[in-house]
Amino acid sequence: MTKFIKSREAFSSSLSLWSDRPTQVAVQEVYDLKVWPVTNILNEGPINFVIPPQPKGMLDDIHIITKFRVENAESDLKQSPSKDISVINNFANSLWGNVDVQFDDRVDIMQSMRNSYPYMSFFNHALNSDSEKEDYLFYNELFKMDNGRTKVLEEKSRTFWYWNTDLEAEIKAMMDSDVTDADGTLNRVKKLLWEFDHRDYEKSLTGISIALGFSDPGLALKNETVRTLIGRGWLPSTSNLAASYRSERINRGQSVTVDSKLQCPIFNSSKTLPTNMKIRISLTKNNDSFLLLTEEDNFRVVIEDCYLNVTYVRPQEAFLNQIDLRMKDEPIPYFVERAEIIIKPITSPGQIIRLTEVFHGKIPPYAFFCLQNSKDFEGSFRSNPYAFIPFKKFQFYINGKPYFNDPLDLEAINDLASGGKEYVGFGQYLRQLYKTLGKDLKGDCLVNSKNFNLNFMVGMSFGADKSSVMENHLNIQEEASSYLEIDMGIKEVPQDMVLVIYALYDRLIKIGGDRRIEIIE
């Protein structure tokens with residue numbers, strides 16, 4: 001056997017036969033604290049919470065639990081489910097247009113710009129969650145990545161469920177021979193299939209059998225035949241399947257509960273916060289026009305209940321005393337990311353878009369770029385705030401030097417029969433995104449080749465490499481001039497666009513023995 005001279009000797013862990021696994025002994029208990037808002041007004045103005053200081057508990061996590069329903073001011077959704085209403089992606093986080101987090105000394109640690117929290121949480125989930133988390137996010141947060149051919153086609157229709165006309169002959173063949181009004185019976189069956197209640201499955205089946213003209217004693221047998229219709233009558237729109245599935249959760253006017261982690265960097269740290277921390281949190285409900293996808297403006301989101309679920313770790317007394325003693329001389333450091341949404345208006349839209357001083361000096365270790373209509377960023381019932389505008393070429397310059405040897409480029413832009421444009425062959429953009437995230441060799445994220453058409457973005461790292469993702473180290477943040485150039489690839493470009501930038505800076509937050517906050521950037 002041979003080995004490299006400077007390689008340290010080691011042995012396989014499988015040969016460590018007498019090694020024992022360590023036992024955690026510092027934590028005495030983990031407990032949850034339910035924190036209610038200080039007022040019971042949920043749909044007008046901010047919802048304010050005060051998390052009381054815990055003398056023995058160290059804060060580990062905060063979740064926002066919200067119960068809501070979607071209602072129509074002109075009708076009762078519970079009696080008339082709507083095929084033409086859905087909610088946007090990332091709903092649980094987008095529900096809050098403004099989120100303010102303050103510690104007891106009134107230090108605010110969140111960006112306060114309207115809709116910065118929805119966009120920051122969207123990018124955080126889309127880029128840092130893998131595909132195995134999709135079901136969890138959909139069930140708990142109504143987060144499901146939009147998937148469609150183009151932004152124009154996705155926003156062209158706001159009907160999310162269509163009747164399957166191929167099923168009509170099959171339904172008519174099931175009708176009792178005594179049925180005289182086949183078309184009327186068909187319409188009643190269509191309505192019952194749309195309103196089918198899976199919570200009372202057999203009763204719903206029986207209702208359809210009766211509508212088909214049957215009665216006891218043959219109902220049970222007929223139910224078995226009717227069972228084959230379930231899930232085939234009303235089909236989701238293919239213009240955006242994700243929006244159709246989100247629609248199914250809310251379109252009957254039923255109450256829905258969503259559970260989302262508070263996306264604040266210091267709470268995302270692997271460290272707990274020290275004891276006796278008093279925290280104020282303010283949540284301001286977003287506009288209904290931002291949250292809902294519909295052609296009508298008479299729908300609204302009504303919050304029925306909202307509270308915080310705060311998780312604490314209680315250490316053993318001796319360990320707790322050691323922490324307090326050390327904090328008197330040495331503040332606890334929290335190295336976290338400072339996420340920031342930067343909006344750059346496109347003042348002179350044309351085929352070539354040029355923007356200078358993109359970052360106003362300090363360059364972030366990571367940044368992600370996308371184009372959006374300004375009205376979509378603010379919220380418009382018909383448009384989708386998370387369906388971005390594609391472009392053909394992209395180049396970035398730092399101190400006059402191009403970032404890419406050759407600009408990122410698409411393969412082609414195709415004319416569609418509907419009159420729109422389809423951007424295809426985005427492999428360079430997707431590879432660059434995965435390379436930036438350190439996922440080009442292993443793993444994935446929720447932005448992929450199936451949904452990139454609507455989630456079109458550019459990812460870039462500045463002075464950061466794969467080791468910063470894998471080893472979680474900090475990066476040097478340099479001062480430099482920045483400039484970018486985008487070639488839309490078409491002459492007739494959308495007007496009133498903005499460049500949305502998700503920038504990630506390194507930040508140090510210190511908490512001292514007096515529980516005061518110091519922020520160093």
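A salt bridge is a side-chain nitrogen of Lys or Arg within 4 Å of a carboxyl oxygen of Asp or Glu. The structure holds 24 salt bridges.

This is a predicted model, in which local features need pLDDT of at least 70 and side-chain atom pairs count only at pLDDT 80 or more, while totals for chains, interfaces and linings use all residues. Residues are numbered from 1 along each chain as its sequence is written, and side-chain values use heavy atoms, with hydrogens and water left out.

The protein chain has 14 helices and 25 strands (DSSP runs numbered from the N terminus: helices are H or I of at least four residues, strands E of at least two). Of its 521 residues, 50% are buried; buried means under 20% relative accessible area, exposed over 50%, and partly exposed in between, with a 1.4 Å probe and protein chains only.

| Pair | Closest N to O distance |
|---|---|
| Glu71 and Arg300 | 2.4 Å |
| Arg338 and Glu340 | 2.7 Å |

Glu71 lies in strand β3 (residues 58-72) and Arg300 in strand β11 (residues 299-315), so their pair ties together parts that are 229 residues apart in sequence. Glu71 is buried at 17% relative accessibility, whereas Arg300 is partly exposed at 42%. Both belong to a network of salt bridges that also links Arg69 and Glu304.
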